[in-house]
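Please look over the sequence and the model before reading on.

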Amino acid sequence: MRGEVHFDMGFRAMYAADSSNYRQLPIGVILPRDAADVEAAMAACRATGAAVLPRGAGTSLAGQCANVAVVFDFSKYMNRLGAIDPDAKLATVEPGIVLDRLREAAEVHHLTYAPDPATHSRCTLGGMIGNNSCGVHGLLGGKVATPRKCPGRDAPSRRLLRPSTSTNVAASAGYSSSTDGAKTTLAPSALASAQSASKVRG
Ligand SMILES: Cc1cc2nc3c(=O)[nH]c(=O)nc-3n(C[C@H](O)[C@H](O)[C@H](O)COP(=O)(O)OP(=O)(O)OC[C@H]3O[C@@H](n4cnc5c(N)ncnc54)[C@H](O)[C@@H]3O)c2cc1C
């Protein structure tokens, strides 16, 4: 692996909590640099039967990022913006990118990404997809999984498109995605594409 692998007590303690009141000591922590790292680490976890837990900024409020599992933290390295296609209103990003970094880049094209949790300066696209996040503009733009068309004078020209994960490393590593209440065992997405909404003005 090119990224970091930590099984020491200090790192495990750091990742024992998210923004909820839950505490669970993880088995270890992986900081992948790229999709190949994710694939290699996932294969090792599968071979040993270890549960995996993807993590962005860890701002979840219901214990989604606290579990006895190998934590994959995408926020340190896998946070790059790929490309923004203003015509297709499509942004390709790595899952650890912070929402505001995407919105700043989209702003240049007078585009924005509609779901905006209060943690927008910290939360990541991977975590937003995992939580199906929304925000104060949810009435206008909808949630991550269920975007809405923007109301307004020229609404028909303002398409809100769906975000989707385009590479599911989990599938190739033999994991399937499942959620179990607060203990989420969603498999990590190594690449996410976020489709943007035209900026709502006024
Ligand atoms: C003060 C405060 C205010 C908040 N306000 C809002 C709000 O207005 N609206 C709202 O919707 N939420 C809100 N939240 C909750 C949270 O901030 C959001 O849901 C945010 O989008 C989570 O992003 P994150 O990067 O922190 O995700 P994390 O907490 O790191 O992860 C969230 C989920 O996604 C999974 N995940 C992370 N990365 C990946 C990946 N690469 N592949 C697959 N799964 C992955 C995790 O396993 C976890 O289940 C708030 C939280 C706080 C503390």
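## A parallel pair

Strands S3 and S4 run parallel and pair over four bridges. This is a predicted model. Across the pair, Arg55 of S3 stands opposite Asp73 in S4.

## Arg55 up close

Is Arg55 buried or exposed? Arg55 has 28 C-beta neighbours inside 10 Å, so it counts as buried. The cut-off for a buried residue is 20 or more.

Which residues does Arg55 contact, once neighbours within four places in sequence are set aside? They are Cys65, Val71, Phe72, Asp73 and Phe74. Asp73 is also the residue opposite Arg55 in S4. Cys65 sits ten residues from Arg55 along the chain, and the two C-alpha atoms are separated by 6.2 Å.

## The four-strand sheet

S3 and S4 belong to an open sheet of four strands, in the order S1-S2-S4-S3, with mixed pairing. S1 (4–6) and S3 are the edge strands, and each pairs on one side only. On average, neighbouring strands of this sheet are turned by 20 degrees against each other, direction ignored. In general, strands of a sheet pair through backbone hydrogen bonds, either parallel or antiparallel.

At the S1 end, the pairing is antiparallel: S1 and S2 (residues 28–31) share three bridges. There, His6 has Val29 of S2 as its bridge partner. Helix H2 (residues 35–48) lies across S2, S3 and S4. H2 runs at about 170 degrees to S4 (70–73).

## A hairpin

S5 (residues 81–85) and S6 form an antiparallel pair with four bridges. Leu81 has Val93 of S6 as its bridge partner. Four residues lie between the strands of this hairpin, and Lys89 takes a positive phi near 55 degrees.

How do the side chains of S6 (residues 90–93) point? They alternate. Ala91 and Val93 point to one face and are buried.

## Around the ligand

How many residues surround the ligand? The shell has 32 residues, and the closest are Gly56, Ser60, Gly126, Gly127 and Gly130. By type, the shell divides into 14 nonpolar, 16 polar and two charged residues.

S3 (52–55) and helix H4 (125–131) each supply at least two residues of this shell. H4 gives the most, with five residues.

Where does the ligand lie relative to the domains? Domain 1 (4–76 + 169–188) and domain 2 (81–165 + 193–198) both give residues to the shell, so the ligand lies between them.

## The chain as a whole

The protein chain has six helices and twelve strands. Of its 202 residues, 42% are buried. Among contacts with a separation of 6 or more, 59% join residues 24 or more positions apart.

Key
Residues are numbered from 1 along each chain as its sequence is written. This is a predicted model: local features need pLDDT of at least 70, side-chain atom pairs count only at pLDDT 80 or more; totals for chains, interfaces and linings use all residues. A residue is near a molecule or strand if its C-beta atom, placed from the backbone, lies within 6 Å of it. Ala, Val, Leu, Ile, Met, Phe, Trp, Tyr, Cys and Pro count as nonpolar, Asp, Glu, Lys and Arg as charged, and the others, Gly among them, as polar. Domain bounds come from an automatic or database domain assignment. A residue is buried if 20 or more other C-beta atoms lie within 10 Å of its own, exposed if 12 or fewer, and partly exposed in between; C-beta atoms are placed from the backbone. Two strands pair if DSSP finds at least two bridges between them. Axes are lines fitted to C-alpha atoms, for helices over the stretch in contact, and angles run from 0 to 180 degrees between N-to-C directions. Two residues are in contact if their C-beta atoms, placed from the backbone, lie within 7 Å.
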